[in-house]
Amino acid sequence: VAADIPLWYFNTSYQYFKFTEDTEFIFNEVMPIMKDVIAWYLNGSNNNICVDNDGLVIAGTTDRPATWMNACSEGWAITPRAGKAVEINALWYNALKIYAYFLDLKGQDKEVNAINDLSDGIKKRFNALFWNKNGKFLYDLIDETHFKNDRVRPNQLFALSLSFPIISGKKAQHVLNKVEQKLLTNFGIRTLSADAMEFKASYEGNMRQRKLALHEGTVWNWLMGSYIDALINLRGNAGKVQALM
């Protein structure tokens, strides 16, 4: 079970609403599902998906990955990311802000205030915990021993590319710059920087060899969408021009 899929539902619904302004569908069909999803995260679900005391989401185990980097071999995760993953928590914050936005449209002020209090605390905690001050980028993962994984990966892009970014200002600019320096190629965005010891320069060989390389340097084209959103969010018209190049 992946921790990110239900949270993408919120972002997709928000994008749908921006184009359609279909409040009837959002209020009657979408929001009840959103309420249930939030409750499952707060109360805990399977695959160790739950909200910690600080409001951030923990997900996955050593043998059952819960993020999109989910390649396994012989019962172990090739890219261990059990704990607090950067993109899961960016999506969690984004989901809460979107739900609050729809609650506000319905005039449910009490519920809006409760969700905003929760999301404000999450944003503060996220910025304190995930910011790598020396490297000027975001840690990819805080594991359950509180170890901070400093591998440069594209997952940090979602902290600045979603509808409600969890980081902004100079921090966001630094993250975008780091992604461009370490991960951007002519073909798309790498899953790991080339200077990491786990880096695999090519995706080839038998099934096991390909699994080992799947999220350890292989370029995934779908990440370009998040990169382009980040360009536009942070650089405006200049970002739109850059995205077309």
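Predicted model: local features only at pLDDT ≥ 70, side-chain atom pairs only at ≥ 80, totals over all residues.
Colleague: Let's start with the largest pocket. How much space lies in it?
Modeller: About 240 Å³.

Colleague: How many residues line the largest pocket, and which lie nearest its centre?
Modeller: The lining has 14 residues. Nearest the centre are N11, S161, L162, G225 and D229.

Colleague: Which helix gives the most to that lining?
Modeller: α8, with 5 residues. Helices α1 (5-20), α5 (158-161) and α8 (223-244) each supply at least two.

Colleague: And how do the lining residues divide into nonpolar, polar and charged?
Modeller: The lining has 5 nonpolar, 7 polar and 2 charged residues.

Colleague: Back to N11. Where is it found?
Modeller: N11 is in helix α1.

Colleague: Is N11 buried or exposed?
Modeller: Buried. Its relative accessible area is 10%, and the cut-off for buried is under 20%.

Colleague: What is N11 in contact with, leaving aside neighbours within four places in sequence?
Modeller: N94, I98, L162 and S163. L162 is also among the residues nearest the centre of the largest pocket.

Colleague: New topic: helix α3. What should its 20 residues span?
Modeller: Helix α3 covers residues 86-105, so at 1.5 Å a residue it should span 28 Å. The C-alpha atoms at its ends are 29 Å apart, which agrees.

Colleague: Why call α3 largely enclosed by the rest of the structure?
Modeller: Because 17 of its 20 residues are buried.

Colleague: What follows α3?
Modeller: G107 does. The phi of G107 is positive, near 75°.

Terms used
Residues numbered from 1 in each chain as written. Heavy atoms only, no water. 1 Å grid on protein atoms, 1.4 Å probe; cavity = no way out; pocket = protein on both sides within 12 Å on 5 of 7 lines; lining within 4 Å. Points joined across faces, edges and corners; volume = space filled by probe spheres on them. Helix = DSSP H or I, 4+ residues; strand = E, 2+ residues; numbered from the N terminus. Nonpolar A, V, L, I, M, F, W, Y, C, P; charged D, E, K, R; others polar. Expected span 1.5 Å × (residues − 1). Buried < 20%, exposed > 50% of the residue type's maximum accessible area, 1.4 Å probe, protein only. Contact = heavy atoms within 4.5 Å.
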